[in-house]
Amino acid sequence: MGPERCQKEIDEVLEGKDHASYEDRHNMPYTLAVIHEVQRVANTVPLSVFHCTTKDTELMGYSIPKGPLLFLTSLLY
């Protein structure tokens, strides 16, 4: 099935909208799984830019203190 299944799922969820919203991802489990698998296997951004927090913050339920370097690979979850 491959890309045809992803396209079908996207078309069904978007129903004519111009673009997907962040919330739409919950209704596209197959497409999301394909994206995660491509990222896992292909390592599409092997040298991503490091980030640094400028203040104590919370990201996806994790407390991150001010200062450490962060290497973010995927925020799709």
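I take a salt bridge to be a side-chain nitrogen of Lys or Arg within 4 Å of a carboxyl oxygen of Asp or Glu. I note that this is a predicted model, in which local features need pLDDT of at least 70 and side-chain atom pairs count only at pLDDT 80 or more, while totals for chains, interfaces and linings use all residues. Residues are numbered from 1 along each chain as its sequence is written, and side-chain values use heavy atoms, with hydrogens and water left out.

Entry: confidence. I looked up pLDDT, the predictor's confidence in each residue, from 0 to 100. The protein has a mean of 82, and 82% of its residues reach 70 or more. I find the highest confidence in α1, at 94, and the lowest in strand β4 (residues 69-70), at a mean of 78. Helices (H or I, at least four residues) and strands (E, at least two) are DSSP runs, numbered from the N terminus.

Entry: salt bridges. I count two by the rule above.

Entry: K8 and E12. These residues form a salt bridge, with 3.1 Å between the closest N and O atoms. I see that both lie in helix α1 (residues 3-14), four residues apart, and so are separated by about one helical turn. For accessibility I use relative accessible area: buried is under 20%, exposed over 50%, and partly exposed in between (1.4 Å probe, protein chains only). K8 is exposed at 52%, whereas E12 is partly exposed at 47%.

Entry: K17 and D24. I find a salt bridge here too, its closest N and O atoms 3.1 Å apart. K17 is partly exposed, at 42%, but D24 is buried, at 7%.
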